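The following note sets out several points on the fold and on the ligand surroundings.

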Amino acid sequence: MNPIIMPAMPAHVNDQATVLRGLVSDKKGFGGLKDRMAGMKSISILSGKGGVGKSNVAVNLALALAESGLKVAILDADLGLANIDILFGVIPKFNLGHVLRGDKDLSEILFKVGERVSIIPGGAGLRELADLDDQRQSWIISRLSFLNDETDVLLLDTSAGIHKNVLAFAMSSDFSIIITTPEPTAIRDSYSVLKSLCQATDGNINIGLVVNMAVDEKEAFMVAERIISAGEQFLDFRIPYFGCIIWDSAIRESVKRRKPLLLGNAESISAPYFRKLAKTIFDPSCDPQASDKKGKLDTFLLRLARKIGDKEKR
Ligand SMILES: Nc1ncnc2c1ncn2[C@@H]1O[C@H](COP(=O)(O)OP(=O)(O)O)[C@@H](O)[C@H]1O
Ligand SMILES: [Mg+2]
(Lines give C-alpha, C1' and ligand atoms only; values in the text may rest on other atoms or scores of the structure.)
(Ligands and ions follow the chains in the order given, each with its own letter.)
Protein backbone atom coordinates (compact mmCIF):
# COMPACT_ATOMS: atom_id res chain seq x y z
CA MET A 1 0.00 0.00 0.00
CA ASN A 2 1.42 3.37 -0.99
CA PRO A 3 1.94 5.90 1.81
CA ILE A 4 0.28 8.68 -0.12
CA ILE A 5 -2.90 6.84 -0.97
CA MET A 6 -5.48 9.38 0.00
CA PRO A 7 -8.99 9.01 1.35
CA ALA A 8 -11.86 9.05 -1.16
CA MET A 9 -11.78 12.13 -3.37
CA PRO A 10 -14.55 14.17 -1.76
CA ALA A 11 -13.07 13.71 1.72
CA HIS A 12 -9.61 14.61 0.46
CA VAL A 13 -10.90 17.70 -1.27
CA ASN A 14 -12.76 18.70 1.89
CA ASP A 15 -9.64 18.12 3.97
CA GLN A 16 -7.64 20.25 1.61
CA ALA A 17 -10.25 22.96 1.63
CA THR A 18 -10.03 23.10 5.42
CA VAL A 19 -6.24 23.27 5.33
CA LEU A 20 -6.35 25.91 2.62
CA ARG A 21 -8.82 28.02 4.57
CA GLY A 22 -6.44 27.82 7.52
CA LEU A 23 -3.52 28.86 5.38
CA VAL A 24 -5.38 31.66 3.69
CA SER A 25 -6.61 33.07 6.99
CA ASP A 26 -3.04 33.17 8.24
CA LYS A 27 -1.64 36.64 7.57
CA LYS A 28 1.79 35.25 6.76
CA GLY A 29 0.18 33.26 3.98
CA PHE A 30 1.76 29.89 4.57
CA GLY A 31 0.89 29.22 8.19
CA GLY A 32 4.48 28.79 9.33
CA LEU A 33 5.20 26.55 6.36
CA LYS A 34 8.90 27.28 6.48
CA ASP A 35 9.09 25.99 10.03
CA ARG A 36 7.24 22.85 9.04
CA MET A 37 9.67 22.13 6.20
CA ALA A 38 12.74 20.29 7.35
CA GLY A 39 15.46 20.96 4.80
CA MET A 40 15.11 21.64 1.14
CA LYS A 41 12.33 19.93 -0.81
CA SER A 42 12.89 18.77 -4.36
CA ILE A 43 9.88 18.57 -6.64
CA SER A 44 9.93 17.13 -10.16
CA ILE A 45 7.42 18.45 -12.67
CA LEU A 46 6.47 15.73 -15.15
CA SER A 47 4.11 15.14 -18.04
CA GLY A 48 3.40 12.49 -20.62
CA LYS A 49 2.82 14.86 -23.51
CA GLY A 50 4.87 17.92 -24.39
CA GLY A 51 3.38 21.41 -24.42
CA VAL A 52 1.04 20.84 -21.46
CA GLY A 53 2.55 23.72 -19.50
CA LYS A 54 5.29 22.17 -17.33
CA SER A 55 7.73 25.03 -17.79
CA ASN A 56 5.12 27.71 -17.21
CA VAL A 57 3.90 25.90 -14.10
CA ALA A 58 7.49 25.54 -12.85
CA VAL A 59 8.14 29.25 -13.35
CA ASN A 60 4.92 30.56 -11.83
CA LEU A 61 4.85 28.01 -9.03
CA ALA A 62 8.38 29.13 -8.14
CA LEU A 63 7.23 32.75 -8.08
CA ALA A 64 4.15 31.89 -6.00
CA LEU A 65 6.33 30.05 -3.46
CA ALA A 66 8.74 33.00 -3.42
CA GLU A 67 5.87 35.44 -2.78
CA SER A 68 5.29 33.48 0.42
CA GLY A 69 8.85 33.93 1.56
CA LEU A 70 10.40 30.68 0.35
CA LYS A 71 13.68 30.62 -1.54
CA VAL A 72 13.30 28.65 -4.74
CA ALA A 73 15.67 27.34 -7.39
CA ILE A 74 14.51 25.90 -10.72
CA LEU A 75 16.76 23.28 -12.24
CA ASP A 76 16.18 23.38 -15.97
CA ALA A 77 16.29 19.64 -16.39
CA ASP A 78 14.56 19.37 -19.75
CA LEU A 79 17.55 17.86 -21.51
CA GLY A 80 16.08 18.37 -24.97
CA LEU A 81 14.15 21.64 -24.77
CA ALA A 82 15.55 23.64 -21.87
CA ASN A 83 13.72 26.97 -21.99
CA ILE A 84 13.26 28.32 -18.46
CA ASP A 85 15.77 31.06 -19.33
CA ILE A 86 13.58 32.20 -22.24
CA LEU A 87 10.48 32.34 -20.05
CA PHE A 88 12.34 34.66 -17.69
CA GLY A 89 13.87 36.66 -20.58
CA VAL A 90 17.44 35.99 -19.46
CA ILE A 91 20.48 34.52 -21.20
CA PRO A 92 22.65 32.57 -18.77
CA LYS A 93 26.06 31.76 -20.20
CA PHE A 94 26.92 28.77 -18.07
CA ASN A 95 25.28 25.51 -17.03
CA LEU A 96 25.89 22.55 -14.75
CA GLY A 97 28.36 21.18 -17.30
CA HIS A 98 30.73 24.07 -16.52
CA VAL A 99 30.59 23.16 -12.82
CA LEU A 100 31.33 19.52 -13.57
CA ARG A 101 34.29 20.45 -15.73
CA GLY A 102 35.62 22.63 -12.91
CA ASP A 103 35.34 25.84 -14.97
CA LYS A 104 32.76 27.45 -12.68
CA ASP A 105 31.39 27.19 -9.18
CA LEU A 106 27.68 26.65 -8.71
CA SER A 107 27.46 30.16 -7.29
CA GLU A 108 28.56 31.44 -10.69
CA ILE A 109 26.02 29.47 -12.72
CA LEU A 110 23.11 30.11 -10.35
CA PHE A 111 21.20 32.82 -12.19
CA LYS A 112 19.00 35.09 -10.11
CA VAL A 113 15.75 35.84 -11.92
CA GLY A 114 13.74 37.46 -9.17
CA GLU A 115 13.58 38.04 -5.47
CA ARG A 116 14.19 34.62 -3.88
CA VAL A 117 14.09 32.83 -7.28
CA SER A 118 17.12 31.49 -9.17
CA ILE A 119 17.57 29.17 -12.10
CA ILE A 120 20.21 26.50 -12.55
CA PRO A 121 20.70 25.84 -16.26
CA GLY A 122 21.18 22.07 -16.42
CA GLY A 123 22.27 21.73 -20.03
CA ALA A 124 24.20 18.61 -20.82
CA GLY A 125 25.65 18.76 -17.30
CA LEU A 126 22.98 16.48 -15.88
CA ARG A 127 23.95 13.71 -18.27
CA GLU A 128 27.64 14.27 -17.60
CA LEU A 129 27.00 13.88 -13.88
CA ALA A 130 25.87 10.32 -14.43
CA ASP A 131 29.04 9.48 -16.33
CA LEU A 132 31.42 10.41 -13.51
CA ASP A 133 32.88 7.77 -11.23
CA ASP A 134 31.50 7.61 -7.68
CA GLN A 135 34.35 9.51 -6.06
CA ARG A 136 34.24 12.38 -8.50
CA GLN A 137 30.46 12.45 -8.37
CA SER A 138 30.50 12.84 -4.60
CA TRP A 139 33.16 15.53 -4.78
CA ILE A 140 31.28 17.56 -7.38
CA ILE A 141 28.04 17.18 -5.49
CA SER A 142 29.63 18.31 -2.25
CA ARG A 143 30.62 21.50 -4.09
CA LEU A 144 26.98 22.08 -4.89
CA SER A 145 25.77 21.72 -1.34
CA PHE A 146 26.03 25.42 -0.52
CA LEU A 147 22.64 25.69 -2.22
CA ASN A 148 21.14 23.99 0.81
CA ASP A 149 21.51 27.18 2.81
CA GLU A 150 20.04 29.31 0.06
CA THR A 151 17.14 27.17 -1.08
CA ASP A 152 13.92 25.93 0.44
CA VAL A 153 12.48 24.37 -2.69
CA LEU A 154 14.18 22.96 -5.76
CA LEU A 155 11.81 22.61 -8.72
CA LEU A 156 12.86 20.40 -11.60
CA ASP A 157 11.40 21.14 -14.99
CA THR A 158 11.81 17.85 -16.86
CA SER A 159 11.33 16.57 -20.42
CA ALA A 160 7.95 15.20 -21.49
CA GLY A 161 7.45 11.46 -21.64
CA ILE A 162 8.75 8.43 -19.86
CA HIS A 163 12.41 8.73 -20.73
CA LYS A 164 14.62 6.87 -18.27
CA ASN A 165 16.15 10.14 -17.08
CA VAL A 166 12.73 11.54 -16.25
CA LEU A 167 11.98 8.50 -14.10
CA ALA A 168 15.32 9.07 -12.41
CA PHE A 169 14.40 12.70 -11.64
CA ALA A 170 11.04 11.66 -10.23
CA MET A 171 12.50 8.88 -8.13
CA SER A 172 15.22 11.15 -6.75
CA SER A 173 12.86 13.95 -5.76
CA ASP A 174 10.93 14.30 -2.54
CA PHE A 175 7.82 14.39 -4.64
CA SER A 176 6.57 14.87 -8.18
CA ILE A 177 3.71 16.54 -9.97
CA ILE A 178 2.23 15.10 -13.17
CA ILE A 179 0.68 17.76 -15.38
CA THR A 180 -2.00 17.04 -17.92
CA THR A 181 -4.42 19.10 -19.95
CA PRO A 182 -8.01 18.04 -20.72
CA GLU A 183 -6.94 16.72 -24.14
CA PRO A 184 -7.45 12.95 -24.44
CA THR A 185 -3.88 12.52 -25.72
CA ALA A 186 -2.44 14.34 -22.71
CA ILE A 187 -4.69 12.36 -20.34
CA ARG A 188 -3.60 9.04 -21.80
CA ASP A 189 0.08 10.03 -21.75
CA SER A 190 -0.10 11.25 -18.16
CA TYR A 191 -1.59 7.90 -17.18
CA SER A 192 1.35 6.20 -18.93
CA VAL A 193 3.80 8.23 -16.83
CA LEU A 194 1.91 7.31 -13.68
CA LYS A 195 1.95 3.66 -14.70
CA SER A 196 5.71 3.68 -15.38
CA LEU A 197 6.41 5.35 -12.08
CA CYS A 198 4.19 2.93 -10.16
CA GLN A 199 5.87 -0.01 -11.82
CA ALA A 200 9.39 1.37 -11.30
CA THR A 201 8.80 2.09 -7.61
CA ASP A 202 6.31 -0.60 -6.72
CA GLY A 203 3.89 2.18 -5.85
CA ASN A 204 6.25 3.86 -3.39
CA ILE A 205 6.25 7.32 -4.89
CA ASN A 206 5.03 10.68 -3.64
CA ILE A 207 3.18 12.17 -6.53
CA GLY A 208 0.22 14.44 -7.28
CA LEU A 209 -1.83 15.43 -10.30
CA VAL A 210 -2.39 18.92 -11.74
CA VAL A 211 -4.74 19.70 -14.63
CA ASN A 212 -3.62 22.69 -16.70
CA MET A 213 -5.49 24.68 -19.38
CA ALA A 214 -8.90 23.63 -18.07
CA VAL A 215 -11.90 25.76 -19.06
CA ASP A 216 -12.97 25.76 -15.42
CA GLU A 217 -12.51 23.84 -12.16
CA LYS A 218 -15.34 21.47 -13.02
CA GLU A 219 -13.70 20.35 -16.24
CA ALA A 220 -10.36 19.95 -14.44
CA PHE A 221 -11.98 17.84 -11.74
CA MET A 222 -13.59 15.54 -14.31
CA VAL A 223 -10.22 15.06 -16.04
CA ALA A 224 -8.56 14.35 -12.71
CA GLU A 225 -11.24 11.82 -11.80
CA ARG A 226 -10.61 9.87 -15.00
CA ILE A 227 -6.90 9.53 -14.24
CA ILE A 228 -7.46 8.84 -10.56
CA SER A 229 -9.98 6.11 -11.23
CA ALA A 230 -7.79 4.53 -13.94
CA GLY A 231 -4.92 4.51 -11.44
CA GLU A 232 -7.09 2.88 -8.80
CA GLN A 233 -8.52 0.33 -11.18
CA PHE A 234 -5.41 -0.75 -13.04
CA LEU A 235 -2.47 0.24 -10.83
CA ASP A 236 -3.97 -0.11 -7.37
CA PHE A 237 -2.69 3.42 -6.76
CA ARG A 238 -4.68 6.53 -5.94
CA ILE A 239 -2.93 9.67 -7.11
CA PRO A 240 -3.91 12.76 -5.09
CA TYR A 241 -5.35 15.68 -7.01
CA PHE A 242 -3.38 18.86 -6.33
CA GLY A 243 -5.69 21.16 -8.31
CA CYS A 244 -5.78 22.98 -11.61
CA ILE A 245 -4.64 26.00 -13.56
CA ILE A 246 -7.31 27.36 -15.85
CA TRP A 247 -6.75 28.37 -19.46
CA ASP A 248 -5.55 31.96 -19.61
CA SER A 249 -4.47 33.84 -22.73
CA ALA A 250 -2.30 36.02 -20.48
CA ILE A 251 0.02 33.01 -19.99
CA ARG A 252 0.61 32.91 -23.75
CA GLU A 253 1.20 36.65 -23.73
CA SER A 254 3.67 36.29 -20.86
CA VAL A 255 5.66 33.76 -22.90
CA LYS A 256 5.76 36.11 -25.88
CA ARG A 257 6.85 38.99 -23.67
CA ARG A 258 9.38 36.75 -21.87
CA LYS A 259 8.05 37.90 -18.53
CA PRO A 260 6.40 35.27 -16.31
CA LEU A 261 2.72 35.78 -15.55
CA LEU A 262 3.25 36.36 -11.83
CA LEU A 263 5.82 39.08 -12.57
CA GLY A 264 4.08 40.86 -15.45
CA ASN A 265 0.39 40.16 -14.98
CA ALA A 266 0.02 39.05 -11.38
CA GLU A 267 -3.71 39.81 -11.23
CA SER A 268 -4.65 37.71 -14.24
CA ILE A 269 -7.36 35.05 -13.88
CA SER A 270 -4.95 32.12 -13.62
CA ALA A 271 -2.64 33.78 -11.07
CA PRO A 272 -4.60 32.69 -7.95
CA TYR A 273 -4.43 29.09 -9.16
CA PHE A 274 -0.62 29.11 -9.03
CA ARG A 275 -0.78 30.53 -5.50
CA LYS A 276 -3.32 27.91 -4.48
CA LEU A 277 -1.16 25.16 -5.98
CA ALA A 278 1.85 26.46 -4.05
CA LYS A 279 -0.13 26.01 -0.84
CA THR A 280 -1.71 22.70 -1.75
CA ILE A 281 1.53 20.91 -2.59
CA PHE A 282 2.82 21.69 0.88
CA ASP A 283 -0.34 20.55 2.56
CA PRO A 284 1.12 18.05 5.02
CA SER A 285 -1.51 15.51 4.00
CA CYS A 286 0.09 15.44 0.52
CA ASP A 287 3.53 14.67 1.90
CA PRO A 288 3.26 12.37 4.87
CA GLN A 289 6.97 12.51 5.64
CA ALA A 290 7.13 16.31 5.37
CA SER A 291 8.22 16.85 8.94
CA ASP A 292 11.08 14.39 9.06
CA LYS A 293 12.48 14.44 5.53
CA LYS A 294 15.68 16.30 4.91
CA GLY A 295 15.81 16.66 1.15
CA LYS A 296 19.24 18.20 0.73
CA LEU A 297 20.54 19.08 -2.70
CA ASP A 298 23.66 16.99 -2.37
CA THR A 299 21.70 13.87 -1.47
CA PHE A 300 19.17 14.68 -4.17
CA LEU A 301 21.87 14.99 -6.85
CA LEU A 302 23.63 11.91 -5.57
CA ARG A 303 20.39 9.94 -5.80
CA LEU A 304 19.84 11.37 -9.25
CA ALA A 305 23.32 10.62 -10.56
CA ARG A 306 23.08 7.05 -9.29
CA LYS A 307 19.63 6.55 -10.76
CA ILE A 308 20.65 7.90 -14.16
CA GLY A 309 23.88 5.88 -13.98
CA ASP A 310 21.99 2.67 -13.09
CA LYS A 311 19.63 3.13 -15.99
CA GLU A 312 22.43 3.88 -18.47
CA LYS A 313 24.20 0.66 -17.51
CA ARG A 314 21.13 -1.50 -18.21
N1 LIG B 1 -2.99 27.70 -18.36
C2 LIG B 1 -2.62 28.01 -19.61
N3 LIG B 1 -3.45 28.74 -20.41
C4 LIG B 1 -3.11 29.06 -21.67
N5 LIG B 1 -1.95 28.71 -22.24
C6 LIG B 1 -1.07 28.01 -21.50
C7 LIG B 1 -1.34 27.63 -20.15
N8 LIG B 1 -0.28 26.95 -19.67
C9 LIG B 1 0.63 26.92 -20.66
N10 LIG B 1 0.17 27.54 -21.76
C11 LIG B 1 0.85 27.69 -23.06
O12 LIG B 1 1.14 26.39 -23.55
C13 LIG B 1 2.37 26.38 -24.24
C14 LIG B 1 3.26 25.27 -23.71
O15 LIG B 1 3.63 25.58 -22.38
P16 LIG B 1 5.01 25.07 -21.75
O17 LIG B 1 5.03 25.54 -20.34
O18 LIG B 1 6.15 25.45 -22.61
O19 LIG B 1 4.78 23.50 -21.83
P20 LIG B 1 5.81 22.30 -21.58
O21 LIG B 1 6.92 22.81 -20.72
O22 LIG B 1 5.00 21.24 -20.92
O23 LIG B 1 6.28 21.87 -22.93
C24 LIG B 1 2.97 27.77 -24.10
O25 LIG B 1 2.74 28.47 -25.28
C26 LIG B 1 2.18 28.40 -22.96
O27 LIG B 1 2.02 29.75 -23.13
MG1 LIG C 1 9.02 22.85 -21.05
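**Notes on the fold and the ligand shell**

1. Strands β3 (residues 111-114) and β4 (residues 117-121) run antiparallel and are joined by three bridges. This pairing belongs to a predicted model, and the remarks below should be read accordingly.

2. The turn of this hairpin deserves a look. Two residues lie between β3 and β4, and Arg116 adopts a positive phi near 70 degrees. Gly114 stands opposite Val117 of β4.

3. Eight strands make up an open sheet with mixed pairing, and their order is β3-β4-β2-β5-β1-β6-β7-β8. At the edges are β3 and β8 (241-246), each of which pairs on one side only. On average, neighbouring strands of the sheet are turned by 25 degrees against each other, direction ignored. In general terms, the strands of a sheet pair through backbone hydrogen bonds, in either a parallel or an antiparallel manner.

4. Two helices that pack on the sheet may be described together. Helix α11 (residues 184-201) touches β1 (41-47), β6 (175-180) and β7 (207-214). The direction of α11 makes about 160 degrees with that of β6. Helix α15 (residues 271-280) also packs on the sheet, where it touches β7 and β8. Between the directions of α15 and β8 the angle is about 170 degrees.

5. For the chain as a whole, the protein contains 16 helices and eight strands. Of its 314 residues, 49% are buried. Among contacts between residues at least 6 apart in sequence, 80% join residues at least 24 apart.

6. Which residues are closest to ligand 1? They are Gly53, Lys54, Ser55, Asn56 and Ile251, within a surrounding set of 17 residues. Two or more residues of this shell come from each of α3 (54-67), β7 and α13 (249-257).

7. As to composition, the shell around ligand 1 comprises six nonpolar, eight polar and three charged residues.

How values were computed: Residues are numbered from 1 along each chain as its sequence is written. Chains are lettered from A and ligands numbered from 1 in the order in which they are written. This is a predicted model: local features need pLDDT of at least 70, side-chain atom pairs count only at pLDDT 80 or more; totals for chains, interfaces and linings use all residues. Helices (H or I, at least four residues) and strands (E, at least two) are DSSP runs, numbered from the N terminus. A residue is buried if 20 or more other C-beta atoms lie within 10 Å of its own, exposed if 12 or fewer, and partly exposed in between; C-beta atoms are placed from the backbone. Two residues are in contact if their C-beta atoms, placed from the backbone, lie within 7 Å. Two strands pair if DSSP finds at least two bridges between them. Axes are lines fitted to C-alpha atoms, for helices over the stretch in contact, and angles run from 0 to 180 degrees between N-to-C directions. A residue is near a molecule or strand if its C-beta atom, placed from the backbone, lies within 6 Å of it. Ala, Val, Leu, Ile, Met, Phe, Trp, Tyr, Cys and Pro count as nonpolar, Asp, Glu, Lys and Arg as charged, and the others, Gly among them, as polar.
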